[in-house]
Structures are given as structure tokens and as C-alpha cells.
Amino acid sequence: MKYVDEFRDPKLAQRLVREIRRTGTRRWVLMEVCGGQTHSLLRYDIEAELADCVELIHGPGCPVCVTPAEAIDFARELSLRPGTIVTSFGDMLRVPGSLGSLVDARSQGAAVRPVYSSLDAVDLARKNPGTQVVFFAVGFETTAPATALAVLQAASLGLDNFSLVVAHVRVQPAMEALLEAPHNRIQAFLAAGHVCAVMGYESYSELVSRYRVPVVVTGFEPVDLLQGILECVRQLEQGQASVSNCYGRSVHRGGNRAAQECVARVYEIADRPWRGLGLIPAGGLALRSEFARFDAVHRFGGALTLPVVEDSGCRSGDVLSGRIRPTECPSFGRDCRPESPLGAPMVSSEGACAAYYRYRREGMAAAALNCELTRYPT
Amino acid sequence: MCLAVPGRIVTWLDRDPTFARAEVEFDGVRRVCSMACVADAAEGDYVLVHAGLAISRIDADEANRLLDDLSRLNDRDGEFSYESSRQEPEP
């Protein structure tokens, strides 16, 4: 596939690995924010290959993982109401709330349907005027334009049977919360490339000058990731801290203005609880009052329950904040597996626990089995 | 969740600002995607599609420039000065 295959070229990857080794004089601590990047780093064995040069802490960038259990419980309750269908991305439907996941609720008669896009949910509502279609809107700034557009389409079509459970989160407040944490060890960030495709990267300048950490906009393919790592190491070695764009083919300084305008029309910034991390000021989005009729909480008169106390055997909060690696959780691979997860990071295809379970289980030869790039000779 | 896939615009289907759509080809598979946020993209351009919505037009020159730079990396056994990330000029 064009713009994918070239960036998986093992020769280019090897050159970058050599350059990273040549540039680094000590082991720097970097955080990749996005869960999609975590999976690529493990899938292509980059993390293990560079273990002596950089420590990669895995960030909280798995929206499904940080969606609070009470939001899942609310969506689950809606799915059990007659004449209502709850739709969302497949991953979200499999994450357990305090009473089980939405998929589990099917056995009790719940109407739950995975969709590829929020816009497909609008179509579903248009074709089924007698049914209330609820879209469980999760995701970072990457996903918010599509759900905002869904609201604008529903408003334009005059649909009164479409609504959202909004659980959108914003990545930059979470990065700041991590830097403020007393246990913080992050020396540089690989910023989430697709969040930046929408939002641009101007807003990171303030964070960089306040905390003196390099922020490097990074893509998802091995060559992109290695290039982002090299840029972090180069800046750290030179004592610099600036915002750099290593994903220029998809990310422009100002981002996608049309997408930003779409989001700003429909949503406003709001404080939001993150599962495992607690309340993050300005950490999410909420529908503006003029679109309140599309808010499922408003439409169904329901209320989110009190915060749910999580299973004590699951240390997903520590995993999501980068305090421990998934394999350091006592439940990992024992009580907690993808088929019977205790926490969301084991469920989601972007969760760090799922990535470790798939690619780096104890006794298993890492990613070598199913990846195109394995070890890079030095 | 934030995964996005590059695809080539085959045919524009609708230019309405809210309902803009085009047929986009991903590795031989065609799918109708929303173009509401990339109104200036033309047929033949590559766009990055996330959850059914094109969120960015891929800059072919920038992609080629990077691959060019990388192909020269290490050419002179470390003498090559690596300038990976070009900053766009301040607006």
C-alpha cells in the first residue's frame, strides 16, 4: 500500500537504528502517547531492539481504555431499552464496565451493533426512523471530527432518533497531567501523529517551554517511529527541547482547520474523568448546549452513575500512566487475558496489555513470528 | 482507535459541505468516505482516512523528500548530517 510499504522498509529502518545508536550516549526515557504506536513498537520489535538506547514508556493513548466504567454502564443500560440500538467501534463494545461489556449485554437482549464510522450510525438512524440509534462516541481529537460531523448531519437531516454518549478525550491535558505527576520520568514525547493531523502542533510550544521536554510529532510505521525516536534522542543529546514534525506527509503545523472548525461548532472543552487516571481538567469534550438534543444523557433523562471502584487485581491505572509495564501487573497473563480481561488495556487492540500479551508473552519469542521486520543487524 | 489508512481518491460523489463524499481506494478495495474536512483534495490525491472521514491530504512531496533524506543516511559512515525534521516556516 502506497505511503505504508515504503515506511516499513527494513533497510531504512536499519539505517535509523544505527543512527540512533550512534547519536545516543545514555539511555533516554521517551513516552509514545498513542496506543497505536505502542502496538507498532512491539509488533516490529523496535522496543526490544533499542532497549539499551531508549526506554519507551507506554502512554495513555488508548481512548477505549480510559473511558470510565460508568459511561460504559450508561451505554449498556440504554442498549437494554426497547426500541434502542447502541452503536460504537468494536473495541469499545468489548470493554467491561462494572456490570460487563455491551457485547455481554446482548445475551440479555440488548441491541448492540459495531460500526466502522459514526457516520454509519447516522445512516442507520435515517433508515430506521422508529428506532433510537445511540452512538457511543469515544476517541481522541482524531475521532472527534467524525462524531461532530455525525451530529451536523443528523441536525441537517432533522433526525430526532440519533444521539451520542460523549466520552471524547483530549490528549494534551493528559500529557501535562503525566508531566506534573510526582513519579514522572518522561524526558521526551513522541506525539500522536493522527491527533496532530487534525490539531496541528502549534499548541505544544507552550508545553515544551514550560517543561523543557522535546515533543516530536511521529507516525505509525516503523520508519516513522524510528525517525521520531532519533529526533528525540538528537534533541536530548544536544540539550534542546522543541516541537518537531517527523510526520510531515500527513501533519501540517496548523492541522486540519476544517476538522477543527467542525469540532468547535459541536463540542466545547470540558473536564473529564479518565479511567485509571482520575479527573483531568479540560481533558475531554462535551456537546454544546445548542446540540443538547443529541446528547443521550439529555434525551433519555438518564444520569451517569457514581464513579465505579475498579477491580483491585487490575493495575490498569499504573499501566496507563506509565508507572509499570503490563508484565509487572500480578494479574497479567494469569487472571487477566484477552478472552477474560480484568481491565480495558487487555481488551482494546490499542491497549498496552493486549500488545504485550500478543507480542511479548513470557517464554514467547517476541514479535518475530508475525512481523515483517524483526531484528535489525547493527 | 487513532489508526488511519492512506487511500487514493477515485471519484468525488457529493460536494455538499456536510455530506461531501468520495470513493476512495485502499490497496484495491474501494469505499465511500466523507470528504467534509478535505474539500480541496482532488481525484488522484491520497488522503488519510480515519473512521470513515478523510482527516488529512497526504503531501507526496514531503513523503518523497523524507525517503530521499533517509536513503542518504549513513552513506558516508556517519558523516552525513541527519536533518530529519524540517520545520515549516512560522506563519
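Tutor: Strands (E, at least two residues) and helices (H or I, at least four) are DSSP runs, numbered from the N terminus; two strands pair if DSSP finds at least two bridges between them. This is a predicted model, in which local features need pLDDT of at least 70 and side-chain atom pairs count only at pLDDT 80 or more, while totals for chains, interfaces and linings use all residues. Residues are numbered from 1 along each chain as its sequence is written, with chains lettered from A and ligands numbered from 1 in the order in which they are written.

Student: In which order do the strands of chain A form the open sheet?

Tutor: The order is 2-1-7-8-9, 5 strands with parallel pairing. Strand 2 (54-61) and strand 9 (243-245) of chain A are the edges, each pairing on one side only.

Student: Over how many bridges do strand 8 and strand 9 of chain A pair?

Tutor: Strand 8 (residues 215-218) of chain A joins strand 9 of chain A over 3 bridges, in the parallel sense. A:Ser244 in strand 9 of chain A is the bridge partner of A:Val216.

Student: How is a pair of packed helices read?

Tutor: By the angle and the distance between their axes. Axes are lines fitted to C-alpha atoms, for helices over the stretch in contact, and angles run from 0 to 180 degrees between N-to-C directions. Helix 1 (residues 10-23) and helix 13 (residues 222-237) of chain A have axes that come within 9 Å and cross at roughly 15 degrees. Helix 1 of chain A is therefore roughly parallel to helix 13 of chain A, a term for angles under 35 degrees.

Student: Which residues of helix 1 of chain A meet helix 13 of chain A?

Tutor: Contact means C-beta atoms, placed from the backbone, within 7 Å. Among those in helix 1 of chain A are A:Leu12, A:Leu16 and A:Ile20.

Terms used
Angles under 35 degrees count as roughly parallel, over 145 as roughly antiparallel, 65 to 115 as roughly perpendicular and the rest as oblique. Two residues are in contact if their C-beta atoms, placed from the backbone, lie within 7 Å.
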